[in-house]
Amino acid sequence: MSERETVIPRANEEAEALAKATEQAKEVEAVTEAEAKKEAEKKAITQEEADIREKVFFEEDEKVRLRDGKTYSIPPLGLKDARMLMKKLNTIESGVIIANLIPDGEDDEDRYDELLNVLLMAFKPYYSSMTVEHLEEYVDLDNAKKIIDCMIGLNGLKKSM
């Protein structure tokens, strides 16, 4: 046997080694907690953003009730329709829907027609029999705003606009 294996450490040396190891473990734990907290702060998002991401990821439909008393589901659009929606949103006033109804010159009818076409896009995937005439009759200003907001939110276009 070697001399090292037969030597019994003194109580003070053992206590010092244990204290040193404990101190090192606490330092490592503190650093790990600080890093985890920084990561959490970087990744933190609002509940609204989380809900939007969830809807886009799981493609949940939005529900809207028109003046005909029926509740309709509005699904996320396909790529082709989403692209068309982005183009059409530039031609209409989506913030204040009534602005599309006020004549401002030669193109007033075009904005109204574009508004109706955008609204029709929302119903197209599930309700192929939906017509512009039906929308003119049963969509009010508040519902028009809700439908457009749903389309923008469902397709994740809020951040890109």
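Predicted model: local features only at pLDDT ≥ 70, side-chain atom pairs only at ≥ 80, totals over all residues.
Good morning. A helix here is a DSSP run of type H or I with at least four residues, and helices are numbered from the N terminus.

I begin with the overall arrangement. The protein contains seven helices and two strands. Along the sequence, their order is α-α-α-β-β-α-α-α-α. Of the 161 residues in the protein, 25% are buried. The accessible surface amounts to about 11800 Å², and carbon and sulfur atoms account for 52% of that area. As for contacts between residues at least 6 apart in sequence, 61% of them join residues at least 24 apart.

I turn next to the surface. Which residues form a negative surface patch? They are Asp113, Glu133, Glu136 and Glu137. Helix H6, covering residues 132–138, supplies the largest share of this patch, namely three residues. Glu133 is located in helix H6. Its relative accessibility is 56%, and Glu133 therefore counts as exposed, since the cut-off for that class is over 50%.

Is Asn143 buried or exposed? Asn143 counts as buried because its relative accessibility is 7%, and buried means under 20%. Which residues does Asn143 touch, leaving aside those up to four places away in sequence? Its contacts are Val64, Arg65, Leu66 and Arg67, together with Tyr138.

Thank you for your attention.

Conventions:
Residues numbered from 1 in each chain as written. Heavy atoms only, no water. Buried < 20%, exposed > 50% of the residue type's maximum accessible area, 1.4 Å probe, protein only. Contact = heavy atoms within 4.5 Å. Areas by Shrake-Rupley, 256 points an atom, 1.4 Å probe, with all protein chains shown as cover. Patch = residues over 30% accessible without salt bridge, like charges linked within 9 Å, V, L, I, M, F, W, Y side chains within 5 Å. Salt bridge = Lys/Arg side-chain N within 4 Å of Asp/Glu carboxyl O. Lys, Arg positive; Asp, Glu negative; His and termini not counted. Charge placed at Lys NZ, Arg CZ, Asp CG, Glu CD.
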